[in-house]
Amino acid sequence: MVSTRTPLIAGNWKMNLDHLQAIAFVQKLAWTLGDAKHDFGDVEVAVFPPFTDLRSVQTLIAADKLELAYGGQDVSAHESGAYTGEISASFLKALDAGYVLIGHSERRQYHAESDEIVAAKVKAAVGKGIVPIVCVGETSDDLEKHGASAVPVSQLRAALDGLPKGTDVVVAYEPVWAIGSGQAATAEQAEQVCAALREVVKESLGDDAAAATRILYGGSVKSGNIAGFMREPNVDGALVGGASLDVDEFAAIVRYKKHVGV
Ligand code: PGA
């Protein structure tokens, strides 16, 4: 069956680009994709700037009526209160953020985010009508010990636990060993794990959600390898780190359908 899911190409800027650089970047991205007559209904595009950029990005996108989506790179599990340094889902919603990254491996590794914390953050986002992009993935150690799917599957099960059937989520499969390493998974490896993750979505959120949920691959995605991933039936887009910081390269990833063979 041909998928009716709209592919999503998402740029995770991590801790790069301040708010002035963000404005220049988003303007240039909009021009580049506009010049190329990119159809945003055909491939959706989202950027994930640092928190301090979001208001500027929102203002630019609203003022120029750009079709780009945007969101935060993280969110607090709490609604408000004495949580120094945290940003609530309400704050993101007030900036019209459509998405939020949750459980990125850098948050799990450097900020000790457990599966329970990730699940609480997912609930906080969903509660405010923000679509969580739930990030899961195995380390090279996990890969050696348990194979590719075991850890991502258990992480996703935990993240979706207790959500109502039919909840709108996006999943990002990002093998930790592929992030920033220049060594992407093969398209076949990505497909195998993404297919297993779709089964988890089915168990947790039901058949309709499983058919509708976008599952992205992330980890050293570039314009040169994106088309291969997108040919796989269970890969519905990409979460792009390093290559999302170069407008021309990111635009080329977004326009993967123009590449030979797709
Ligand atoms: P990368 O990062 O594209 O630089 O490998 C991906 C990510 O961390 O989301």
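## Ligand contacts

A polar contact is a pair of N or O atoms within 3.5 Å; within protein, one atom must be able to donate a hydrogen and the other to accept it, and residues adjacent in sequence count only if both atoms are side-chain atoms. In this model, a polar side-chain atom of K14 sits 2.7 Å from an oxygen atom of the ligand. The protein covers 95% of the 290 Å² of accessible area that the ligand has on its own (Shrake-Rupley method, 1.4 Å probe).

## About the model

This is a predicted model, where local features need pLDDT of at least 70, side-chain atom pairs count only at pLDDT 80 or more, and totals for chains, interfaces and linings use all residues. Residues are numbered from 1 along each chain as its sequence is written, and side-chain values use heavy atoms, leaving out hydrogens and water.

## Salt bridges

Now to the charged pairs. The model has 15 salt bridges, each a side-chain nitrogen of Lys or Arg within 4 Å of a carboxyl oxygen of Asp or Glu.

One of them pairs D248 with K28, with the closest N and O atoms 4.0 Å apart. D248 belongs to helix 11 (residues 247–254) and K28 to helix 1 (residues 19–35), so this bridge ties together parts 220 residues apart in sequence; helices here are DSSP runs (H or I, at least four residues).

Another salt bridge joins R108 and D115, whose closest N and O atoms are 2.9 Å apart. Shared partners also link D74, R107, E113 and K121 into one network.

Key: Helices (H or I, at least four residues) and strands (E, at least two) are DSSP runs, numbered from the N terminus.
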